[in-house]
Amino acid sequence: MNQLESLLLYLTVSAVFSGISLYKLWKNKVKIENASGFGLLSLLILEIVSFFILSESAGLVLFSAACIIYLYSIPDKYMLPMEGKSVLITGCDSGLGHALAKHLDELGVLVFAGVLDKKGPGAEALKRICSPRLSLIQLDVTNVEEIKKAYTNVKSRVQDAGLWGIVHNAGVLGYVTDGELLPINVYRQCMEVNFFGAVQITKMFISLVRKAKGRLISISSMAGHTPIPGFAAYGASKAALSMFSAVMRQDLFKWGVKVSTIHPSGFKTNIFGSQEHWRSQDQNILDNVMPDVKEDYGSDYLSSIQDLHHKMFDISSADLSPVLEDVCHALLAENPHATYTPGKFAYFIPCLAHYFPLWVYDYFSKQVFPSHKTLLPRSLRISQVKNKTL
């Protein structure tokens with residue numbers, strides 16, 4: 001076989017493989033991030049290596065086998081029946097948890113909606129809108145006594161069937177500013193709610209999930225595996241949650257429990273807080289920052305911090321459906337993904353951070369993420385003026 005004939009064979013295999021792959025991806029509605037772009041790139045590299053380095057027969061066999069393995073790795077669309085499934089969701093007072101509780105209830109799932117206040121407007125709205133199946137659970141994920149009572153309640157309802165799924169949704173953002181300025185109580189609150197709360201809920205309820213051979217799902221964040229300016233407290237807590245979920249996926253595999261982590265980008269939810277919350281956090285920073293630090297940054301820089309929250313909220317998406325779809329897939333797909341990245345740039349930005357030179361990502365983050373682009377800390381401004389006058 002001459003080189004031209006060999007090349008035609010490779011091109012034929014590539015064309016057939018590409019056609020079947022695209023059809024399967026389209027038919028099963030697989031998102032590009034779940035189609036393993038890295039796998040496709042690896043196949044291209046393998047094709048080049050096989051053609052130029054290996055013998056004609058060995059290279060073609062190896063490349064064809066790799067293509068077949070990739071085809072089998074494309075996730076199927078098959079979803080499990082919803083009848084008899086029960087799911088505990090934390091943080092259902094508002095935002096994503098609230099929307100998810102309503103969505104799963106509409107699908108026929110028995111929902112245990114954990115709320116901070118059973119008499120609050122969010123809980124009352126769920127009671128009014130949803131079916132009688134939905135059960136409101138008083139559940140502060142940082143309160144051990146409430147967690148124990150919630151466990152007793154859920155266990156009495158599910159009995160021998162067990163609990164099909166847990167969705168760790170409860171979370172706080174705290175405040176967004178330079179890590180040096182964030183008070184330590186903001187770091188502690190983020191860790192207590194976003195990480196330790198999820199750990200406590202998991203430890204209490206996971207035996208019920210093991211009984212059902214169900215699902216454990218954590219709503220993390222793009223900030224949990226990508227450095228984003230101003231997110232030192234929130235990002236650290238979500239990184240801890242992501243790693244906890246990744247390890248639990250390995251620990252629970254032998255029990256038949258499947259674990260997924262959702263890494264959304266920016267969505268408009270109540271996690272951003274109200275104007276009153278921002279003002280109180282401003283005061284919290286002013287009360288806790290060291291005098292020399294306050295002098296270095298300057299009062300005008302500190303007073304501009306609120307603008308970051310407005311900018312973040314403005315660029316976030318109001319359409320929660322991408323997150324809802326991914327959570328439902330993680331809960332009900334026969335073969336759920338280990339990670340999901342719903343939202344604008346939620347897949348692209350982490351790839352940029354992990355696979356490109358660091359300076360590329362640093363430049364990109366300065367252009368894209370909300371920051372004090374037009375205002376430097378006071379000491380840096382003074383230094384710039386001095387340098388210009390020399």
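The bend at a residue is defined as the angle between two axes, one fitted to the seven residues ending there and the other to the seven starting there. The structure is a predicted model, in which local features need pLDDT of at least 70, side-chain atom pairs count only at pLDDT 80 or more, and totals for chains, interfaces and linings use all residues. Residues are numbered from 1 along each chain as its sequence is written, and side-chain values use heavy atoms, with hydrogens and water left out.

Helix 7 contains a kink of about 50 degrees, centred on Phe-205. Helices here are DSSP runs (H or I, at least four residues), numbered from the N terminus. The expected span of a helix is 1.5 Å times one less than its number of residues; the 29 residues of helix 7 should therefore span 42 Å, which agrees with the 40 Å between its end C-alpha atoms. After helix 7 comes Lys-213, with a positive phi near 50 degrees.

Helix 7 (residues 184-212) also packs with helix 6 (residues 144-158): their axes come within 10 Å and cross at roughly 15 degrees. Axes are lines fitted to C-alpha atoms, for helices over the stretch in contact, and angles run from 0 to 180 degrees between N-to-C directions. Helix 6 and helix 7 are therefore roughly parallel to each other (angles under 35 degrees). The contact (heavy atoms within 4.5 Å) involves Val-144, Ile-147, Lys-148, Ala-150, Tyr-151, Val-154 and Lys-155 on helix 6, and Gln-200, Ile-201, Met-204, Phe-205, Ser-207 and Leu-208 on helix 7. Nine of these residues are nonpolar, two polar and two charged; Ala, Val, Leu, Ile, Met, Phe, Trp, Tyr, Cys and Pro count as nonpolar, Asp, Glu, Lys and Arg as charged, and the others, Gly among them, as polar.

A second pair is formed by helix 4 (residues 95-107) and helix 5 (residues 121-129), whose axes come within 11 Å and cross at roughly 15 degrees. Helix 4 is therefore roughly parallel to helix 5. His-98, Ala-101 and Lys-102 of helix 4 meet Gly-122, Ala-125, Leu-126 and Ile-129 of helix 5. This contact comprises four nonpolar, two polar and one charged residue.

In a further pair, the axes of helix 14 (residues 348-355) and helix 15 (residues 358-368) come within 7 Å and cross at roughly 145 degrees. Phe-348, Ile-349, Leu-352 and Ala-353 of helix 14 make contact with Val-360, Tyr-361 and Phe-364 of helix 15. The contact of helix 14 with helix 15 has seven nonpolar residues, with no polar and no charged ones.

Definitions and conventions. Helices (H or I, at least four residues) and strands (E, at least two) are DSSP runs, numbered from the N terminus. Angles under 35 degrees count as roughly parallel, over 145 as roughly antiparallel, 65 to 115 as roughly perpendicular and the rest as oblique.
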